[in-house]
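Colleague: I am new to this structure and would like to learn how to read its side-chain contacts. Could we go through them one at a time?

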Amino acid sequence: MLKPNQAVLFDLDGTLVDTARDLGAALNHVLQLHGKPVTHYEQYRPVASHGVRGLLELGFGQSLPDYPYDLLRQQFLDYYQEHNGDTSVLFPSGAELLAFLRTEQIPWGIVTNKPYRFAAQICRALQLTDCRILIGGDSLPVRKPDPIPLWVAAHQLGMAPAYCWYLGDAERDIEAGRRAGMHTVLAGFGYLAETDQPELWQADCQIDSLLQLTDFLHKTV
């Protein structure tokens, strides 16, 4: 058994949980309400972790300023709240990784820019009962790429940042982790767009499956 001298923190969308289809469904619902063509999985997946605005910009394109943004956002959120978790699942080998962390007594939590109520809804739906700390994008006055949410999470876990791993699939995740003084891990299977340049983000390592993280945890004991 590994010594419990480290902790793991996850981004949510595109890192621990595949939420793209639920988010895409909410976007397409709003598009249909306004007589716009719906988007397809291959289109919305790369921007699924960019928040409501990013998804609405994808769907409405240059015509977005012609619509009342607050109304579109509320229509999106209303639908998403009702259907959040319908198709969201852990990424492949996620269950195995969480079982490993449980066996090795390594505490873990989630730091996401997603509003807390939606993140908590997903955690309940997927029965992520071992999650020790959940910080949403509205839990604190600042959010990623600011490092403060990660520092707060580390403090709640009773772990110094230098002993924490932060996994994410976006540049803001890696920036926040680096600024917080944590080991940063790029989720290469996440919602990366063709225009992203992850090689410039300076993550400490990249994984192609969640279970691959165990290799790095073993090496740092």
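Colleague: Which residue forms a salt bridge with Arg-102?

Modeller: Bear in mind that this is a predicted model. The general idea is that side chains of opposite charge can pair when their charged atoms come close. Here Arg-102 pairs with Asp-130, and their closest N and O atoms are 2.5 Å apart. The two lie 28 residues apart, Arg-102 in helix 5 and Asp-130 in the loop between helix 6 and strand 5.

Colleague: How many salt bridges are there?

Modeller: The count is five salt bridges. One of them joins Lys-114 to Asp-13, at 2.8 Å from N to O. Lys-114 is in the loop between strand 4 and helix 6, and Asp-13 in the loop between strand 1 and strand 2, so this pair ties together parts 101 residues apart in sequence. Both Lys-114 and Asp-13 are buried.

Colleague: Is Asp-173 buried or exposed?

Modeller: Buried means under 20% relative accessible area. Asp-173 has 1% relative accessibility, so it counts as buried. Its side chain meets that of Lys-144 in a salt bridge of 2.7 Å, N to O. Lys-144, at 4%, is buried too. Salt bridges with shared partners join Asp-11, Lys-144 and Asp-173 into one network.

Colleague: How many aromatic pairs are there?

Modeller: Planes over 60 degrees apart count as edge-to-face. The count comes to eight aromatic pairs. Among them, Phe-60 and Tyr-67 are edge-to-face, with 65° between the planes and 4.9 Å centre to centre. Phe-60 is buried at 3%, whereas Tyr-67 is partly exposed at 24%.

Conventions. Residues are numbered from 1 along each chain as its sequence is written. This is a predicted model: local features need pLDDT of at least 70, side-chain atom pairs count only at pLDDT 80 or more; totals for chains, interfaces and linings use all residues. Side-chain values use heavy atoms; hydrogens and water are left out. Rings of Phe, Tyr and Trp (its six-membered ring) pair if their centres lie within 6.5 Å; planes under 30 degrees apart count as stacked, over 60 as edge-to-face and the rest as tilted. Buried means under 20% relative accessible area, exposed over 50%, partly exposed in between (1.4 Å probe, protein chains only). A salt bridge is a side-chain nitrogen of Lys or Arg within 4 Å of a carboxyl oxygen of Asp or Glu. Helices (H or I, at least four residues) and strands (E, at least two) are DSSP runs, numbered from the N terminus.
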